[in-house]
Amino acid sequence: NNYLQFTGCNCSKASFTLLGASGNLKGQSVTITIKSGTTETITLFHGYVDEQETKDYTTGAVSFVCYDPLYTIGQTDVATWYKNLSFPLTLGSFRASLFTYLGLTVVATTLVNDSIQIDRQYIPVNLAAIDVIKAICQINAVYGIINRSGQFEFRTLPTITSTTYEEVAFYRNIDY
């Protein structure tokens, strides 16, 4: 396209293999941290086991795929919530109501279009939470993620004030 779309609300994913793991860990909470020497412990990932391969009996290894809470919460059908809203309301109230309904803690922020009044546009049969979250992000020119503290956070690109470009800090893949 000839324009930039802000629709990034992707969940984080962690894949790893453990030796000697036993039992079914699907749905269990996983936190991956790193610490070097006497430095503070830094959380790299927090999420839940979504996939678990069967144990390799020759090595005792079990492979796991985990996603942060946005993966599961994003699949929530919020059509009933939407139908029960009293319109008109501000986009900020709409956003706050959605995250309360989903049980997601949000890093306190004011978004550029929070004061805009919106009205009911249609009566959905099904409505995935991730689609609503992406629309909120797109309307406000922000990106949404679950941060390392397990809170939903809206992120904006930094304003470029010179011809020198600034580095934008985003998560990267880590292979260990």
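## Close-up views of a predicted model

Just after helix α4, alanine 141 takes a positive phi of about 55°. Helices (H or I, at least four residues) and strands (E, at least two) are DSSP runs, numbered from the N terminus. This is a predicted model, in which local features need pLDDT of at least 70, side-chain atom pairs count only at pLDDT 80 or more, and totals for chains, interfaces and linings use all residues. Residues are numbered from 1 along each chain as its sequence is written, and side-chain values use heavy atoms, with hydrogens and water left out.

**View 1. Helix α4 and its buried side.** Let us start with the helix itself. Helix α4 has twelve residues (129-140), which should span 16 Å at 1.5 Å a residue, and its end C-alpha atoms agree with this at 17 Å apart; the expected span is 1.5 Å times one less than the number of residues. Its buried residues are Ala129, Ile130, Val132, Ile133, Ile136, Cys137 and Asn140. They cover an arc of only 165° around the axis, which puts them on the same side of α4; the arc is that of the directions from the helix axis to the C-beta atoms. Buried means under 20% relative accessible area, exposed over 50% and partly exposed in between (1.4 Å probe, protein chains only). Among the elements covering these buried residues are α1 (69-73), α3 (91-102), β7 (143-146) and β8 (152-155).

**View 2. The largest nonpolar core.** This core has 27 residues, and those with the most contacts inside it are Val78, Phe94, Leu98, Ile133, Phe152 and Phe154. A nonpolar core is a set of buried Ala, Val, Leu, Ile, Met, Phe, Trp, Tyr and Cys residues joined through side-chain atoms within 4.5 Å. Helix α4 gives the most to this core, with six residues. Leucine 98 touches Val78, Trp81, Val132, Ile133 and Ile136, leaving aside residues up to four places away in sequence; contact means heavy atoms within 4.5 Å.

View 3. The side chains of arginine 95 and aspartate 114 meet in a salt bridge (2.6 Å, N to O). Arginine 95 lies in helix α3 and aspartate 114 in the loop between α3 and β6 (117-118), so the pair ties together parts that are 19 residues apart in sequence. Both residues are buried. A salt bridge is a side-chain nitrogen of Lys or Arg within 4 Å of a carboxyl oxygen of Asp or Glu.

**View 4. Glutamate 153 and its partners.** Glutamate 153 is found in strand β8. Its salt bridge with arginine 155 has the closest N and O atoms 3.2 Å apart.
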